[in-house]
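Q: Could we go through the strands of this model together? I would like to begin with how pairing is defined.

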Amino acid sequence: MKPAPILAALFFLVIGNINGGNNINLVCPEIEREALLSIKASLKDPSNILSTWNISADVNCCNWNGVVCSNITGGGRHVQQLRLQGGLRGKMNPSLVNLQHLSYLDLSQNEFEETIPSFIGSIASLEYLNLSRAGFYGTVPRSIGDLSNLRVLILEGNYDESQLSVQLNVNNVAREMDVDSLEWLSRLSRLELLHVNYVNLSRAASWQQVINTLPSLVELKFRYCNLNFDNAPFNNGVISNVTSLAILDLSRNNFRPNYTIPGWIFQLSNLTFLDLSYNSFQGPIPRGIANLCKILRLDLSYNNLEGDISDSFGNASDCFLGSLEWLDLSRNQISGNLSDRFFGDFKSLIVLKLGSNSLSGAIPVNIVKMSSLEYLDLSVNKFTGNLPESVGQLFNFRYLNIRDNKMEGVLTKIHFANLTNLYYLSASWNNFTFNVGRNWIPPFKLRILMLSSCDLGEGTEIPSWIEMQKTQIHTLDLSSTGISGNVPSWIWKVRFLNLSHNQLHGSIPVISDIGRRHYLYLSSNQFSGSLPRVAPNVSALDLSNNSFSGGLSHFLCEMNETYSLGFLHLGGNQLSGEIPDCWMKWPSMEYLNLGNNILSGTIPNSIGFLTGLRSLNLYGNKISGPIPFSMSSCTKLVKIGLSDNEIDGSIPSWMGTSLANLKILILRSNKLNGKISSGICHLNYLQILDLSDNKFSGIIPRCVDNFTAMATERSLPEYGIGELDYNTYRGFFRDSAKVATKGSELQYDTILALVTNIDLSNNNLSGDIPKELTSLVELRSLNLSGNQLTGSIPDSIGDMKQLESLDLSRNSLSGEMPNSFRVMSTLNYLNVSYNKLTGRIPESTQFWGFNASSFIGNELCGPPLTNSCSNSGGPKNREDKSSSKIEWYFVFLSLGYGFGFSVVCTTLALNKLWREAYFGFLENIWNRIYLYCYTKWARLTKPAS
């Protein structure tokens, strides 16, 4: 990427005015020195940035840290630049306006505790103003529009890059920076660089028209600003005056659905950089985009763009094809094949990202024509066929990602012959077989190698060519490759290691400190012995579904260290003994799974030290005792899985208030008792509640309608990871849960965020089914079977139109089945057997498809039962108002026909003239019919002559 033109324009601001810096005989004016001292007095300086601002040490403020003065002039030297970025707190002093010659002000990367001071707009000499990530909040003052000499304006709100989502943090509105209008920008006619990133611009309806008033603008970045076009619709001439614009970034605004990429962008003929990623733009990629003749970098990733890729770039101009160096179309819905011309025409392309689309077909052989290509990502598509051997001729290749396609074939030494610069190779989740020979010495030194599900081609051992990468490699994924045997010692030093789903065996040595974060995934193998000790810098450890045995104490408690482990999965082993009470050593833990072992004892109180814990899984053990109060400190818990244990007591009253983020609560198959407290209804985010197979009594709380997550339409996280996902350095791990539904247990992971379930079966609950339950209109599965519920099924059951599974069997429910069942089109599992229900089963083709066993043990009749309602002697089924109207309709219809017929008969009997005419008409018709039939019969029976 070439340096922005604005850098050259501002060069004088950086170095041109420091020549007299060492001449201490010409000091700065006293009014400016006092202004700086007042500024220092108003600020907190924990990093000692302003330590040199001291007249006892140096009276010349031009020598103070962060202060740059002008050249010697007839009026002496003046403070021209203030560079105060990094670590300051407090509030800015108004004496700043006394620096009347100030042209450069940088207050970025600080922690000021106020809105942007309006008096900054009084420093008329300012040409450069940087307030990015300075801690300012609230509305940007319009007085900044008075800085008519401004060339560079950088306003960036406060944000945490590790917590970015598509929209601004609505939970922290008080610390957000926003604008009520951008009209004041139109007064900054000399502006060349404008960054207003991470500032809420949703109220700036006319932002396009304002930008059109800045003819000198070269660089514009409105990143992550909640921009909208509701009151400023796209049109081709809206930004026609900004002809100098070279860099445009409108990324991460997530425009409302149905917006297409605006046409005026393609008229910006000087664009070299265009980023429209993360915006939910729809429709095909406009062909006009291929006419940007100076474009170097084009990023349209993370949108909903569709259509055939050849339609967008098939007729691209030669200047576009020759200039483009970076193209990112990943995470869209683009389809079609990559033609020979596609690869042949992009002669300058260095980076090509097409991952996560619907592209298909084979990769063309003439990919070799893209001689400048260094980075190629074709992952998560539908490509088929072999990888062309010509890939091995791309001398500049550094990054190749073709994972998760439908490719196949043999990879030989020819595919990698000249890839001396290759550092990243991912071919996972295809059907490749490596055939490079046992003595092959690869030309590259990989740092990242991911070959999950590939055939490594050398029996069951890890190939020697992979061991040759050990000096550089820090990420290695050989999961599901069929390797077996013992693990070589060098491999334990790999930073990210995934050897899961193989046949590896033996014990695991001590995981030593490698000087950086360490991630180990070794699940579903045949490792045995005791658990290995781990170094404090291990961040993730998955040893699930192996044959480890012994206790946990030596693993968790014996070292006098504080660990950074955030992800620990030891489920599916043969671990025994009690859970140790030393969790205070593991404060970084977010995911803990000890399920399906032979652990006993109680849940230790020190579990409360895991204040960042989001998922706790202790299911399938022999844990007893109550749920400890200390768990109320684990306020970030999203999932609790304690099923299949011997836990007793009641559901703690604090759970509804302390664990407000809880989404999944599974306490199935324990010894819990007492009433289900109404306090549980405070869990508004709860989407899975399983209390089945316990000893709960009392009624179902009427407040269940507070489970608003079960009444709200659900969706998967569109970008990034959700609350049920965990960072694993190279991607993320998605939590899972086993849910009883449709008469069986199903394991959910990929779509777990969509699952909604209530299971209260096999308890001692009594009373009726609360009608409030039927307000949970997004509930997918409801199981109340095996209780002592009475009363009737609520008439409003039909409101639960998303319900797929309903089990009310083995209760004492009475009355008739509501006719509203007929509108539950998604219901594909129903069981109401062994109740006291009477009458007709609601007539619906969907009900006829259910097994008759779902209705037995009642006094019901009609399909799918064999006993007919007319012969069963059962009570008449209740009917709704519409069915009553239909019956009376037929009654009155019959009466009407009877009355009409009697009127006709009476008229003919009393009126002789009408009677004679009527019977004469009938006689005439009869004669004609008789004559016609006789004639036809005579012709048919006449002998042939």
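A: Two strands pair if DSSP finds at least two bridges between them. Strands are DSSP runs of E with at least two residues, numbered from the N terminus. The model is predicted, so local features need pLDDT of at least 70 and side-chain atom pairs count only at pLDDT 80 or more, while totals for chains, interfaces and linings use all residues. Residues are numbered from 1 along each chain as its sequence is written, and side-chain values use heavy atoms, with hydrogens and water left out.

Q: How many bridges join S23 and S25?

A: Two bridges join strand S23 (residues 382-385) to strand S25 (residues 406-411), and the strands run parallel. Gly 385 has Met 407 in S25 as its bridge partner.

Q: What is the strand order of the open sheet?

A: The order is S15-S17-S19-S21-S23-S25-S27, seven strands with parallel pairing. Strand S15 (282-284) and strand S27 (431-434) each have a single partner strand, so one side of each lacks a neighbour in the sheet. On average, neighbouring strands of this sheet are turned by 20° against each other, direction ignored (axes are lines fitted to C-alpha atoms).

Q: Moving on to S40, which side chains are buried there?

A: In S40 (residues 598-601), Leu 599 and Gly 601 point to one face and are buried (under 20% relative accessible area, 1.4 Å probe, protein chains only).

Definitions and conventions:
Buried means under 20% relative accessible area, exposed over 50%, partly exposed in between (1.4 Å probe, protein chains only). Helices (H or I, at least four residues) and strands (E, at least two) are DSSP runs, numbered from the N terminus. Axes are lines fitted to C-alpha atoms, for helices over the stretch in contact, and angles run from 0 to 180 degrees between N-to-C directions.
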